[in-house]
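Got the viewer open and the cartoon on? Here's a short walk through some charged pairs and their surroundings, one selection at a time.

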Amino acid sequence: MKNIGVIISIKSEVPRIFKKYKFSDFENYQVYKINNDIKLILCVSGVGRINAREKTENLLKNFNVDYILSIGTSGAQYENAKLGDIVIANKAKYNDETIQLDKNLYKMAESILSSKNTRCYLGIIQNFDTFIYSKQNIDKDIAAVDMESFHVAKTALKFGVQTLIIRSVSDILS
């Protein structure tokens, strides 16, 4: 059975699909069994890098997780971005540090979403400590911005666990 840690910053970002499955509570986590193949351990981290690091570390200490799925919303700045597009990160960046994410994971996600005719974009997600509304001071190679995904991925890597970052575009940076 695959154990997948799912980290979301705010409760309103929890996908509706989770409502289809029964779950059991374990402290601050909801554990979903999907068929007999997959166990999803859902954690709502709270906004920002400190919450993301702490909740990711706690998740990895309490569960034997095969990999992390970091999902939520983001601002986007790539050409022709539209609300509701999906951004799949191939790298995560914070200040001058960049993490290369697992190519097998992000290519698998891109393939699945593309086969469903989902508008998706593969690119770099950069984290900031505040909400970002403008393209000003953001490198042109950045696809999307958020406040947690880099810190989730960096913490997971300390435990030897890879992270897949997927964001839905909620804002277009001007």
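**Stop 1**

Select Arg-119 and Asp-85: they form a salt bridge, with the closest N and O atoms 2.6 Å apart. (A salt bridge here is a side-chain nitrogen of Lys or Arg within 4 Å of a carboxyl oxygen of Asp or Glu.) Arg-119 sits in the loop between α2 (103-115) and β8 (120-127), and Asp-85 in the loop between β5 (67-76) and β6 (86-94), so the pair ties together parts that are 34 residues apart in sequence. Helices (H or I, at least four residues) and strands (E, at least two) are DSSP runs, numbered from the N terminus.

Now colour by accessibility. Buried means under 20% relative accessible area, exposed over 50%, and partly exposed in between (1.4 Å probe, protein chains only).

Before moving on, a word about what you're looking at. This is a predicted model, in which local features need pLDDT of at least 70 and side-chain atom pairs count only at pLDDT 80 or more, while totals for chains, interfaces and linings use all residues. Residues are numbered from 1 along each chain as its sequence is written, and side-chain values use heavy atoms, with hydrogens and water left out.

**Stop 1: on to β6**

Next, pick Asp-139 and Lys-93, another salt bridge, with 3.0 Å between the closest N and O atoms. This pair links distant parts of the chain: Asp-139 is in the loop between β8 and β9 (142-146), Lys-93 is in strand β6, and they are 46 residues apart. Lys-93 counts as buried at 15% relative accessibility, whereas Asp-139 is partly exposed at 39%.

What does the side chain of Gln-77 reach? The backbone oxygen of Asp-139, at 2.7 Å. Gln-77 counts as buried, at 10% relative accessibility. Show its surroundings and you'll find that Gln-77 touches residues including Lys-135, Ile-138, Ile-142 and Leu-173, leaving aside residues up to four places away in sequence. (Contact means heavy atoms within 4.5 Å.)

**Stop 2: across the hairpin**

Go back to Lys-93 and look across to β7, where its bridge partner is Thr-98. β6 and β7 pair in the antiparallel sense over 4 bridges; two strands pair if DSSP finds at least two bridges between them. The two strands form a hairpin with 2 residues between them, and Asn-95 in the turn has a positive phi of about 50°.

Now select Glu-97 in strand β7 (residues 97-100) and Lys-154 in helix α3 (residues 149-158), which are 57 residues apart. They form a salt bridge as well, the closest N and O atoms being 3.1 Å apart. Here both ends are partly exposed: Glu-97 at 35% relative accessibility and Lys-154 at 29%.

**Last stop: zoom out**

Clear the selection and take in the whole chain. It has 3 helices and 10 strands, running β-β-β-β-α-β-β-β-α-β-β-α-β from the N terminus on. Of its 174 residues, 47% count as buried.

Technical notes. A polar contact is a pair of N or O atoms within 3.5 Å; within protein, one must be able to donate a hydrogen and the other to accept it, and residues adjacent in sequence count only if both atoms are side-chain atoms.
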